[in-house]
Amino acid sequence: MIIKKYTVKSMNEALTRIRYELGKDAIIISQRKIKSPGFKGYFSPKLIEVTAALENNKKAVKAEKEEEEDESFKESLEGLKKLMDIEELNNKDTLSVKSKELEKSSEEDSKLTEEVREMKELLNKVIKNTSKEEEKDLSVEFMKEIDINEKYFKEIKQNCSEDFDIFKEDFKKILNSKIQINSEDLLGRVVLVGPTGVGKTTTIAKLAGRLALIEKKKVGLITIDTYRIGAVDQLKTYAEIMNLPFKVVNTIKEMESSVEALSYCDVILIDTTGRSSKNTMQISELRAYVQNAKPDHTALVLSGTTKNRDIDTILSGYEELKYDKIIITKLDETTVYGGIFNIINKANKPVSFITTGQNVPDDIKVPTKDRLIKLIIGEETIC
Ligand SMILES: Nc1nc2c(ncn2[C@@H]2O[C@H](COP(=O)(O)OP(=O)(O)OP(=O)(O)O)[C@@H](O)[C@H]2O)c(=O)[nH]1
Ligand SMILES: [Mg+2]
């Protein structure tokens, strides 16, 4: 039990103090009027001495509890301070601390924070790279799908947006700058060269029909294809059907005289033997024939179905023929037209015609740039 005496001026004051200090369970045991101590006390108003008691230790328990709460609050405050210090340390990137204990724990904390930060950065990089890869993959997948030679991927990507939606538009711009179309009239001596079976003779027949029957030009035909059985007859048949002058050249020397003999024609179309670009001897022999013809135009005929790897070999092999234009054949035999880009990109020569079937003379066209772009990009097909 707690017993406490209060010297107060009024009972009101006594009650307030007792309630505050001992709580509402305290009881007043006694009260009496007293004088203020000393001489002055005789003249001053009387005071009241109140004795109060608290039966159980409630107030003490309360006080103790409050003290405990104070302690834990202090501890929390310390903890908070420590955390704030660590935070500050991390921000400043320094490891100066006041107490050893704090130093140890803050070192561990900042290590942990650093590790978490590194992991976050790593994760971000992975996420970023993954999404970039995905975007890259989209454009790569697209280029693969339309059969662009893989060796051009890097160059194309460098000049195109990583955003696939914009990539296609950028790629179209590249195509627009690379594709050249030769739409000038075919006049003079025109030689067609190219690998075996790409459609040289058929193309000559198509051109002859177009020039003679539609454009009403005087057309003469020459063949130096004496190598393959039936090759002469093939063109001779077309010449007869279209009633066109036709000459067969058997030796290099004969070329000049044959061309001379047809000099009255507006256009002389010269067919050649299909040669493998890998056979340098044959290519050199062909060059001798071509040189003797003194051509105004030499067109390299290439099939749109040629494998990417072969395109480069053919173009390099035929370089010495000094071709100045390209004819791309058999576009009706493929569903992807990336080959057109691969040919144009490597050859860097204008396309003069594309052929789209076996029909003479119909299946030949002067392409537009827009058409070739749409074919390459897959927005159009040839049925
Ligand atoms: N589908 C399709 N076939 C074509 C096209 N052009 C030619 N051909 C066919 O391809 C085959 C070979 O054609 P040619 O004109 O004989 O080829 P070439 O280049 O003269 O052959 P060589 O003289 O042996 O080197 C023939 O069956 C033609 O009908 C075309 O644009 N589309
Ligand atoms: Mg032929």
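**Close-up views of a predicted model**

At 45% relative accessibility, Asp370 counts as partly exposed. Its place in the structure, and that of several other residues, is set out in the legends below.

**Figure 1. Overview of the predicted model.** The structure shown is a predicted model. The secondary structure of the protein consists of twelve helices and eleven strands. The protein has 383 residues, and 40% of them are buried. Its accessible surface amounts to about 22,900 Å², with 51% belonging to carbon and sulfur atoms. Of the contacts between residues at least 6 apart in sequence, 69% join residues at least 24 apart. The structure also holds 21 salt bridges.

Figure 2. Lys374 is partly exposed, its relative accessible area being 27%. Asp370 is likewise classed as partly exposed, at 45% relative accessibility.

**Figure 3. Helix H12 has a set of buried residues and is followed by a glycine.** Helix H12 covers residues 369–377. The buried residues of this helix are Leu372, Ile373, Leu375, Ile376 and Ile377. After H12 comes Gly378, whose phi is positive, near 90°.

**Figure 4. Helices H11 and H12 pack against each other.** Two packed helices are described by the angle between their axes and the distance between the axes. Helix H11, residues 338–347, packs with H12 at an angle of about 120°, and the axes are 7 Å apart. Because of this angle, H11 is oblique to H12. On the H11 side, the contact is made by Gly338, Ile340, Phe341 and Ile344. On the H12 side, Leu372, Leu375 and Ile376 take part. These three residues of H12 are among its buried residues.

**Figure 5. Tyr337 is a buried residue in the loop that leads from strand E9 to helix H11.** Strand E9 comprises residues 325–329, and Tyr337 is found in the loop between this strand and H11. Tyr337 has a relative accessible area of 1% and is therefore buried, the limit for this class being under 20%. Leaving aside residues up to four places away in sequence, Tyr337 touches Ile146, Leu331, Leu375, Ile376, Glu380, Thr381 and Ile382. The C-alpha atoms of Tyr337 and Ile148 are separated by 8.3 Å, although the two residues are 189 residues apart along the chain.

**Figure 6. A salt bridge between Lys172 and Glu379 links distant parts of the chain.** The closest N and O atoms of Lys172 and Glu379 are 3.0 Å apart. Lys172 lies in helix H5 (residues 164–178), while Glu379 lies in the segment after H12, and the two are 207 residues apart. Glu379 is partly exposed, with 39% relative accessibility.

**Figure 7. Lys217 and Glu215 form a salt bridge.** The side chains of Lys217 and Glu215 meet at 2.7 Å, N to O.

**Figure 8. Ser352 is buried in strand E10.** Strand E10 spans residues 351–355 and contains Ser352. The relative accessible area of Ser352 is 2%, so this residue is classed as buried. Apart from residues up to four places away in sequence, Ser352 touches Asn182, Lys325, Ile326, Ile327, Lys365, Val366 and Pro367.

**Figure 9. Thr196 is an exposed residue in the loop between strand E4 and helix H6.** The loop lies between strand E4 (188–193) and helix H6 (200–214). Thr196 counts as exposed because its relative accessibility is 57%. When residues up to four places away in sequence are not counted, Thr196 touches Gly274 and Arg275. The C-alpha atoms of Thr196 and Thr272 are separated by 9.9 Å, and these residues are 76 residues apart along the chain.

**Figure 10. Four residues make a nonpolar surface patch.** Met1, Ile3, Ile27 and Ile29 make this patch of about 440 Å². Ile27 belongs to strand E2, residues 27–34. Its relative accessibility is 47%, so Ile27 counts as partly exposed.

Key: Residues numbered from 1 in each chain as written. Chains lettered and ligands numbered in written order. Predicted model: local features only at pLDDT ≥ 70, side-chain atom pairs only at ≥ 80, totals over all residues. Heavy atoms only, no water. Buried < 20%, exposed > 50% of the residue type's maximum accessible area, 1.4 Å probe, protein only. Helix = DSSP H or I, 4+ residues; strand = E, 2+ residues; numbered from the N terminus. Patch = residues over 30% accessible without salt bridge, like charges linked within 9 Å, V, L, I, M, F, W, Y side chains within 5 Å. Areas by Shrake-Rupley, 256 points an atom, 1.4 Å probe, with all protein chains shown as cover. Axes fitted to C-alpha atoms, helices over the stretch in contact; angles between N-to-C directions. Parallel < 35°, antiparallel > 145°, perpendicular 65-115°, else oblique. Contact = heavy atoms within 4.5 Å.
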